[in-house]
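Please open the model in your viewer and keep the sequence panel beside it, and we will go from one selection to the next.

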Amino acid sequence: MKRWRLAAAVVAALHVGAASAETQLLGDPEIGEQLYIKCKSCHQVGAGAKDGIGPHLNGIFGRRAAAHEGFFYSKSMARAGADGLVWTAETLDAYLENPRALVSKTRMSFRGLKDPAERANIMAYLRAFSDNPADLPEAEPTARGTDHDLDPAILAIQGDPAYGEYLSSECLTCHQRDGSAEGIPSITRWPEEDFVIAMHAYKNKLRPHPVMQMMAGRLNNEEIAALAAYFKTLE
Amino acid sequence: MKLNRRHFIGTGAAAAATLKAPAVLADGHGKPRVVVIGGGAGGATAARYLAKDSQGAVDVTLVEPSRTYFTCFFSNLYIGGFKDIDDLGHTYGTLAAKYGINVVHDWAVDVDRDAKTVSLAGGDTLAYDKLILSPGIDFVEGSVDGWSLAAQNAMPHSYKGGSQTELLRAQIEAMPEGGVFAMVAPPNPYRCPPGPYERISMVAHQLKARNPTAKILVADPKPKFSKQGLFEEGWANHYAGMIDVIGEDFGGGNVSVDPAAMTITIDGEETSVDVCNVIPAMKAGRIAEMAGVTDGNWAPVNAVDMSTKVDPDVYVLGDASQQGDMPKSGYSANSQAKVCANAVRGALTDSRVFPAKFSNTCWSLIDTDDGVKVGATYEATDEKIAKVDGFISSTGESADLRKATYEESEGWYAGITADMFS
């Protein structure tokens, strides 16, 4: 099990300069095993693990989202997989923190783990059940620390719905105003916080879709809040 | 004619009596009046947003000759057999009924910018405070040696939606076994940069299924084209040996056609062809030129609101405009229309005007479930609409991702047509 601590050290070294604790993506697998109690009523792992309410998690690292044969995933998760979401320490960290922020209509009913150390520990435990430890995706030079942990000040911004209405016209070229979803998801009537978190996840390139990364990338915090305020009320 | 008489100046009775020559009142009218010419992605969107957002404070008249508008975007999917023609047709009933837009099915034939009036082919005159032109494209006469509009039935351009689209597909279906489909690709700048190459893909898709020994010959005056790597990869994967593109370096720009003999001559070599899709050089739709707002082939506009350089009360949207970095596309026109509508409403009613933001994405279908896309965002600078950021699909993407991209394009079509017509 020492190798996982080593991996964590490598990851931490990649993020020199990023001071926050959550940059250490893999923690202590023994503590993680205890924390996994929160997960195991739905997700089996280890020898003989089978799918239950959720898919078993053997081999989760490096696997494309919704790619485990035989499990019925939500449309949202299938779409995320088709869009290129692959489970790495970085993306799992984001998902464990707030599942809906990464995959909006996931069927995983889990509020998320706010403590980055707890997430790191659980991931270290899970990592032992994936193949090819040499291919640690989180050790790639491009691996980044997570930045979906939104500043509460950003979440607290009161959006200007009138500005949001103007900005929304750009969204409505693709997303239907009436909330119907034909190949492109519905974005109306979301709780503002979910909307803001999702847009920042695109802006920070945690969610994979290139059009949305581009669209969200040019919006500032006030503009994202304005859109959230407008779409929340759209009938 | 469905013309709301509020738009004739003068008393109702007098106007009704003298429809051919209504008087025009320069000042002292009630609501501000906006006339929009062209009911496509730019014009329909601008009219809809102006009427919807001003909630009756602005009189909006939309002039469009067609009662059913067939989109040019997605017309390649009809040619490929992925869409029915009815899937591409849209009507203006909702714009009239839900938003109170005066929809006039007539041709605009002249603009008097001093008197601020528009003349219609039917003889009527519309007065405006602000005029939005979104006339799309026309073709540059003489740009392809041997071709003129008079030859468009023998050698269709199929670069405006509707009957030309249907004609090209019918000709492809009637090709003899092992026949030749030729395309003359257009020089820059032109509507829908990936369009000719998506069309080649869709023609190849049809021929592969029904006429697999047929060939596709393309004369292209450009050294490179939009999404070239993606198309070339797709053609090699799906249509190996079917498509021959003669680019600029092999004389693809030195081309002439003979519509009577059904031949095409590329760099001195004549070939008999069964179908010849001639996509000529393009210019702004004619009414922009008649309004005197063009400089060369296109109408230069200010990026901040799409107003023309020569007249602050006349705006040009979409393909006809010369705005900077945005490609000429339905998506671009729709994006520009919303910026313009916000600015025009602000100028006429003192509503809030927000900063201009533009975006575009062009999806192309290469074969069944093999979709690709390119897109960018833009901002207004003093000089032009300038690109901020962009992306393009990669070669070698997974089949799942390509399928998702195609499904997304269908979602976009549903979204943008709802944003124009519903």
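**Two domains in one chain**

Begin by selecting chain A, which is divided into domain 1 (2-142) and domain 2 (152-233), the bounds coming from an automatic or database domain assignment. Where these two domains touch, the contact takes 14 residues from domain 1 of chain A and 13 residues from domain 2 of chain A, contact meaning heavy atoms within 4.5 Å. This is a predicted model, in which local features need pLDDT of at least 70 and side-chain atom pairs count only at pLDDT 80 or more, while totals for chains, interfaces and linings use all residues. Residues are numbered from 1 along each chain as its sequence is written, chains are lettered from A and ligands numbered from 1 in the order in which they are written, and side-chain values use heavy atoms, with hydrogens and water left out.

Domain 1 and domain 2 of chain A bury about 1000 Å² between them, 55% of it on carbon and sulfur atoms; buried area is the accessible area (1.4 Å probe) that two parts lose on being put together, summed over both.

Next, select A:Asp194 and A:Arg100, whose side chains meet in a salt bridge (3.9 Å, N to O); the term stands for a side-chain nitrogen of Lys or Arg within 4 Å of a carboxyl oxygen of Asp or Glu. Then colour helix 3 (75-82), helix 4 (89-97) and helix 5 (99-102) of chain A, each of which supplies at least two residues of the side of domain 1 that touches domain 2. The largest share of that side, 3 residues, comes from helix 5 of chain A.

**Where chain B meets chain A**

Now show chain B as well, where 41 residues are in contact with 28 residues of chain A. The area buried between chain B and chain A is about 2600 Å², of which carbon and sulfur atoms give 57%. Within chain B, select B:Phe354, B:Lys357 and B:Glu408, which lose the most area to chain A, together 22% of what that side buries.

Between chain B and chain A the count is 3 salt bridges. One to display is that of A:Glu223 with B:Lys357, in which the closest N and O atoms are 3.3 Å apart.

Which element of chain B gives the largest share of the side that touches chain A? Select helix 10 of chain B, from which 13 residues of that side come.

Methods
Helices (H or I, at least four residues) and strands (E, at least two) are DSSP runs, numbered from the N terminus.
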